[in-house]
Amino acid sequence: MTEESAALYVVPTPLGNMADLTRRAEEILRSVPWVAAEDTRHSTPLLKQLGSSARTLPAHQHNEHEAAARIVDKLRAGEAVALISDAGTPGISDPGARVVAAVRAAGCKVVPLPGPCAATTALSGSGILDEHFLFYGFLPAKAGQRRQTLEDLRSLPYALVFYEAPHRVLETVADMANTLGERTLVIARELTKLFETVHSLPLAEADAWLKEDSNRQRGEFVLIVSGAPAGADAGEGERVLKLLLADGLPVKQAAKLAAAITGAAKNALYDRALALKS
Ligand code: SAM
């Protein structure tokens, strides 16, 4: 092996296209004696394909503490370990962070490799112009918690990057439209795979677009929502909007006045007022 041996190598693996495995990742997986994998059965074919003779040990969300202790023992005995998840980068909405923390706390070396990650792949092809982004990962599965989380994110002027499962994509997109108002949504589906789609549209049109063809609801998804409009204090806009609605003003008038007072987007406030009323 060309790199320092007794280290934990954090190795991203392809999202779908084997050609995305970096040469460095390949070298490490071939040469380390141990691979700690989220699902050893899932990762064995990859290791076989690479001609790796590494032995595997499980490191998933239910045994991360125990796995970390085993990995630290191996590192202290001078053996290198590669950490992989089922696809993409370990620790990014995947197990791995606890193992890395324990290895660092034990004073052993951690070497992270760059490589495939659905969030950065989607962002780079999104055309979203926000200078900053916030990676959120999976929203809560329960509707109430999901809506509250979206409320909490609503006024941030950063592109918001989410992971979502196919069976929840419709309800999540509906909640986003109700909560976030007028934004651009980028739906990045099946990245690096045969049916890869990266589609950009107004958030309000996403529900109809997804329903137009049920294939559009299949596969793996990254959803990116453009940030809250700059120059508008959405939080202040909502505060004023609520006061006006509580005073009995009709939705349209309340939205118009709140927008004029605070500089927040009128249409977003109008959508918001409708959501608050319902
Ligand atoms: N660690 C991975 C990474 O670096 O992207 C993410 C793992 S997370 C358990 C799996 C989620 O990532 C999927 O539900 C989906 O939201 C997203 N994802 C993974 N592969 C994808 C792909 N090929 N296209 C779009 N999204 C993908």
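Modeller: In this predicted model, a backbone N or O atom of Ala87 lies 3.5 Å from a nitrogen atom of the ligand.

Biologist: How much of the ligand does the protein bury?

Modeller: The ligand taken alone exposes 580 Å², and 90% of that is buried by the protein. The space that the ligand takes is the largest pocket.

Biologist: Which elements give two or more residues to the shell?

Modeller: Those are strand E7 (159-164) and strand E10 (221-225).

Biologist: How many residues surround the ligand, and which are the closest?

Modeller: The ligand is surrounded by 19 residues, and the closest are Thr89, Ile92, Asp94, Tyr163 and Phe221. By class, the shell comprises 11 nonpolar, 3 polar and 5 charged residues.

Biologist: Changing topic, what domains is the chain divided into?

Modeller: The division gives domain 1 (7-116), domain 2 (119-225) and domain 3 (234-277).

Biologist: Which of them supply at least three residues each to the shell?

Modeller: Domain 1 and domain 2 each supply at least three residues to the shell around the ligand.

Biologist: And how far apart are domain 1 and domain 3?

Modeller: Their C-alpha centres lie 50 Å apart.

Methods. Residues are numbered from 1 along each chain as its sequence is written. This is a predicted model: local features need pLDDT of at least 70, side-chain atom pairs count only at pLDDT 80 or more; totals for chains, interfaces and linings use all residues. Side-chain values use heavy atoms; hydrogens and water are left out. A residue is near a molecule or strand if one of its heavy atoms lies within 4 Å of it. A polar contact is a pair of N or O atoms within 3.5 Å; within protein, one must be able to donate a hydrogen and the other to accept it, and residues adjacent in sequence count only if both atoms are side-chain atoms. Accessible areas come from the Shrake-Rupley method with a 1.4 Å probe; for residues, only the protein chains shown count as cover. On a 1 Å grid over the protein atoms alone, a cavity is a set of points where a 1.4 Å probe fits but cannot get out, and a pocket is an open set with protein on both sides within 12 Å along at least five of seven lines; lining residues have an atom within 4 Å of a point. A molecule sits in a cavity or pocket if more than half of its atoms lie within 2 Å of its grid points. Helices (H or I, at least four residues) and strands (E, at least two) are DSSP runs, numbered from the N terminus. Ala, Val, Leu, Ile, Met, Phe, Trp, Tyr, Cys and Pro count as nonpolar, Asp, Glu, Lys and Arg as charged, and the others, Gly among them, as polar. Domain bounds come from an automatic or database domain assignment.
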